[in-house]
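I opened my notebook to get to know a structure that was new to me. Here are the things I looked up, in the order I went.

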Amino acid sequence: MAIRWGICSAGKISHDFTVALKTLPAENHQVLAVAARELKHAQEFAQKHSIPRSYGSYEELAKDPEIDVVYVGNIHPHHLSVGVLFMNAKKNVLCEKPLAMNLKEVQELIASAKKNNVFLMEAVWTRFFPVSLEIGRLLSRGEKELGGGALLDIGIYCVQFVLMAFNGEKPETIQATGVCLDTGVDEAMVVTLKFSGQRLAVCTCTITAELPNEAVIVGTKGTIKVPAHMWCPTSLVVNGVETQYPVPEPSLPLNFINSTGMCYEAEEVRRCLLNGLKESSRMSHADSALLAEIMDEARRQVGVVYSQDSQ
């Protein structure tokens, strides 16, 4: 049976997600409706992607009885209110990362999912790439006996990669230092996470320079390297041997690199829904909460405060 999708927002990331869905069999995934804050934008999006229904409000999409799951692709300050809107309407939700602005909001979304008995997953697409599945397989077999890590990327992608490599373990200590712009936004940040067994992970991110965008896991038995771009990886280097994992070809131009790789998270949503699951074991509610908790603490140490932190 096909999973019937609704698309919330008609922006760039929603475009790419819809293109990614088209790489999957039509008998498994169908996009029935799109909603935007302005009907015109929804109609233009629907025409471009051959979507039968377009709505000028998110409330109308929430009321559509034929929608199985909603992809929430609007800006993250609105993830909490929009996510709760759809879950209160008994819609399953795949919500773009970050799931919310801080741990408090993440916990509110998780509570709403449990109250309404619906599926909720943060769309950390990296976790579902074939490269990420292979990393998990290698680490679970003990082929690396993970002894330390050094990871380079931007913010949430870097931290989530660490947590994926350490199998959701909570770090013993978090140390963050950074530089903030006059606006209060962090320009650059380094986060060091210490785990049990004297294991370390280092995350470096900046919005003003081009970093290598690689991830490296160094263990006592070898090295796993994810070349750029590690948040949407298409190759893996294990002890110097590289293997390619190409993503599907898009049917329309994309806004972001390798975006058809979002098909992997869509397939995970379908698997979970068909099996009656309310969360994914590869990106669980606990994973999202821990990710938000670490980001909150890093921001606190560097002095980055959002308006949502005081609400």
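**Entry 1: a strand and its neighbours**

How many bridges join strand β11 to β12? I found 5 bridges between strand β11 (residues 215–219) and β12, and the two run antiparallel. For my own reference, strands (E, at least two residues) and helices (H or I, at least four) are DSSP runs numbered from the N terminus, and two strands pair if DSSP finds at least two bridges between them.

Before going further, I noted that this is a predicted model, in which local features need pLDDT of at least 70, side-chain atom pairs count only at pLDDT 80 or more, and totals for chains, interfaces and linings use all residues. Residues are numbered from 1 along each chain as its sequence is written, and side-chain values use heavy atoms, with hydrogens and water left out.

Back to β12: I see that β11 and β12 form a hairpin with 2 residues between them. I looked up I217 and found I224 of β12 as its bridge partner. On the other pairing, β12 meets strand β13 (residues 235–238) in the antiparallel sense over 2 bridges, and there K225 has V237 as its bridge partner. I also checked the faces of β12 (residues 222–226): G222, I224 and V226 make up the covered face, while T223 and K225 are on the uncovered one.

**Entry 2: the whole protein**

I counted 9 helices and 14 strands in the protein. Its C-alpha trace spans about 55 × 45 × 35 Å along the principal axes. The radius of gyration, taken over C-alpha atoms, is compared with a globule rule of 2.2 Å times the number of residues to the power 0.38. For 311 residues, a compact globule would be near 19 Å, and the protein agrees with its 19 Å.

Buried residues are 52% of the 311; buried means under 20% relative accessible area, exposed over 50%, and partly exposed in between, with a 1.4 Å probe and protein chains only.

**Entry 3: helix α7**

Why do I call α7 largely enclosed by the rest of the structure? Helix α7 (residues 155–165) has 10 of its 11 residues buried, so the rest of the structure largely encloses it. Among the buried ones are Y157, C158, F161 and M164. Just after α7, I noticed N167 with a positive phi of about 55°.

**Entry 4: cysteines**

How many disulfides does a search of the whole structure find? I got 0, with a disulfide taken as a pair of cysteine sulfur atoms within 2.5 Å. The sulfur of C205 has its closest cysteine sulfur in C158, at 6.8 Å, which is too far for a bond. For C272, the closest cysteine sulfur is in C263, 15 Å away and again too far. Both sites are covered: C205 is buried at 12% relative accessible area, and C272 is buried at 0%.

**Entry 5: K114 and an annotated span**

I found K114 in helix α5 (residues 103–116), and it counts as exposed at 54% relative accessibility. Leaving aside residues up to four places away in sequence, K114 touches E279 and H285, where contact means heavy atoms within 4.5 Å.

Last, I read the record: an unreviewed UniProt entry annotates residues 3–121 as "domain: Gfo/Idh/MocA-like oxidoreductase N-terminal". I noted that such annotations may be inferred rather than shown by experiment. In the model, residues 3–121 are 43% helix and 23% strand, and their end C-alpha atoms lie 15 Å apart.
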